[in-house]
Amino acid sequence: MTNVLVVKANNRPDGVSTKMYETFVAEAAKVEGLNLTTFDVFEENMPYFGQDLFNAFGKLQNGEELSEIEAASVAAMNKSREALSAADVVVFAFPLWNQTIPAALQSFIDYTYGAGYTFKYNEQGQLVSLMTDKKYVVLNARGGNYSEGPAATMEMAVNYINNIAGNVYGMQKLEEVVIEGHNADPANAENIIAEGLEKVKAAAQKLQAVTA
């Protein structure tokens, strides 16, 4: 059985990346040999990564009682890492908001990005990826056009996830589907989205290769 973790990072019911998530999960459910799990970052209790977690580490070492937010921070880190560790394939479904990823998805990254867990440093001080046995899929929606031209340098969502999952964690990218331009071209929005969702279905079908 191949474990597929789908990280859902849009809480808008009518969001295009929400439709991409729903389409992917529905299509992947048709593939035999997959165990699909959703980690909805907006539904999880994940305090912002910061001093509360670091305080918790010190208190745990000293056997001290944690505050509510410290305990929540530790629980968020443990749950995020347990979900990621169990996955053979990780699917990131997210929108471009304000040129980057949603804050809730950033929290998931913050809790899983860690030396000794997703990467380490060798004796020469070079970063060594620790999740090279995993694969990932990118599903992203953005209302404008960022694939080329001046706007391409402003896109910090897909590029960021690829840098983290691919370059730091060391996962192999299976597929990337981006639906873009539907807000910039409302007359063709329906066709743009429909064509993109067909590509999402094709991406889900490619999971057959990882169950072999």
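**Strand 3 and its sheet**

Biologist: How do you know that strand 3 and strand 6 are paired?

Modeller: In this predicted model, strand 3 and strand 6 (residues 135–142) share 7 bridges, running in the parallel sense. Two strands count as paired when DSSP finds at least two bridges between them, so these two qualify as partners.

Biologist: Why is strand 3 called largely enclosed?

Modeller: A residue is buried when its relative accessible area is under 20%. Of the 7 residues of strand 3 (residues 89–95), 7 are buried, so the rest of the structure largely encloses this strand. Val 89, Val 91, Ala 93 and Pro 95 point one way, while Val 90, Phe 92 and Phe 94 point the other way, and all are buried. In a regular strand, side chains alternate between the two faces of the sheet.

Biologist: Which strands stand at the edges, and why?

Modeller: The open sheet has 5 strands in the order 2-1-3-6-7, with parallel pairing. Strand 2 (34–40) and strand 7 (172–180) each have a single partner strand, so one side of each lacks a neighbour in the sheet. From one strand to the next, the twist averages 15°.

Biologist: What lies across strand 1, strand 2 and strand 3?

Modeller: That is helix 4 (residues 103–112), which runs at about 150° to strand 3. Helix 6 (residues 189–205) also packs on the sheet, where it touches strand 6 and strand 7, and its direction makes about 165° with that of strand 7.

Biologist: Why is Leu 60 called partly exposed?

Modeller: Leu 60, which lies in helix 2 (residues 51–62), has a relative accessible area of 48%. Partly exposed covers values between the 20% limit for buried and the 50% limit for exposed, so Leu 60 belongs there. Together with Phe 49, Phe 54 and Phe 57, Leu 60 makes a nonpolar surface patch of about 350 Å².

Terms used: Residues are numbered from 1 along each chain as its sequence is written. This is a predicted model: local features need pLDDT of at least 70, side-chain atom pairs count only at pLDDT 80 or more; totals for chains, interfaces and linings use all residues. Side-chain values use heavy atoms; hydrogens and water are left out. Buried means under 20% relative accessible area, exposed over 50%, partly exposed in between (1.4 Å probe, protein chains only). Helices (H or I, at least four residues) and strands (E, at least two) are DSSP runs, numbered from the N terminus. Axes are lines fitted to C-alpha atoms, for helices over the stretch in contact, and angles run from 0 to 180 degrees between N-to-C directions. Contact means heavy atoms within 4.5 Å. Patches are made of residues with over 30% relative accessible area and no salt bridge: like charges are joined within 9 Å, nonpolar side chains (Val, Leu, Ile, Met, Phe, Trp, Tyr) within 5 Å. Accessible areas come from the Shrake-Rupley method with a 1.4 Å probe; for residues, only the protein chains shown count as cover. A salt bridge is a side-chain nitrogen of Lys or Arg within 4 Å of a carboxyl oxygen of Asp or Glu.
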